[in-house]
Amino acid sequence: MIRISTRRRTTALAVPLLLGAALTGCADDKHLDYLTDYSNHRPLRVTGYPSTDSLEAVQKVVWRLADGDVDGLAALNTEGGDARPAARAWIKEYGKAARGEVSADFEEDFAVRQSVVLHFTGPSRTEEITARPGPHDTWGIVLVNPEPKDVKKSGPAPTTR
């Protein structure tokens, strides 16, 4: 029978714990916040070709809507000024729907800005937004009052004879 001393066992268990704690302590808070948001929300369905930054901005928009976070949504505004009234209007219009399945169609080139059409499945509405770089090289959206468009459910094509 092989016996391992208590001191060796304690050391063997403590080293991985200390390394894990050290690595966690070095992690970027922004990255940890993103991972927490990502794990706490439904996945965003994506079509098109988003950049990493435009995708992150649009994901945050949907997450802030789902959470009813007026200040968080307003902080994503790239245009300056008080965006809280527009953020409140967005949450009133889409907050509940953002808790369900949402898809984002990323259109055009993403070098300077990118048009994105959000499709909310619950109320069958869409909203077009513009994702673009904001202050400090972070991406956000142009946050103006929402203008929802109802999506017409297409039925079978009419037959002609």
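Leaving aside neighbours within four places in sequence, which residues is Thr-78 in contact with? They are Arg-132, Pro-133, Gly-134, Gly-140, Ile-141 and Val-142, where contact means heavy atoms within 4.5 Å. This is a predicted model, in which local features need pLDDT of at least 70, side-chain atom pairs count only at pLDDT 80 or more, and totals for chains, interfaces and linings use all residues. Residues are numbered from 1 along each chain as its sequence is written, and side-chain values use heavy atoms, with hydrogens and water left out.

**Thr-78**
- Thr-78 sits in the loop between α4 (70–74) and α5 (84–94); helices (H or I, at least four residues) and strands (E, at least two) are DSSP runs, numbered from the N terminus.
- Thr-78 counts as buried because its relative accessibility is 13%, and buried means under 20% relative accessible area with a 1.4 Å probe, protein chains only.

**The largest nonpolar core**
- This core, a set of buried Ala, Val, Leu, Ile, Met, Phe, Trp, Tyr and Cys residues joined through side-chain atoms within 4.5 Å, has 30 residues.
- Val-58, Leu-65, Leu-73, Trp-90, Leu-118, Phe-120 and Leu-143 touch the most other members.
- The largest share of this core, 6 residues, comes from α3.
- Not counting residues up to four places away in sequence, Leu-73 touches Val-61, Arg-64, Leu-65, Ala-87, Trp-90, Ile-91 and Leu-143.

Notes
Buried means under 20% relative accessible area, exposed over 50%, partly exposed in between (1.4 Å probe, protein chains only).
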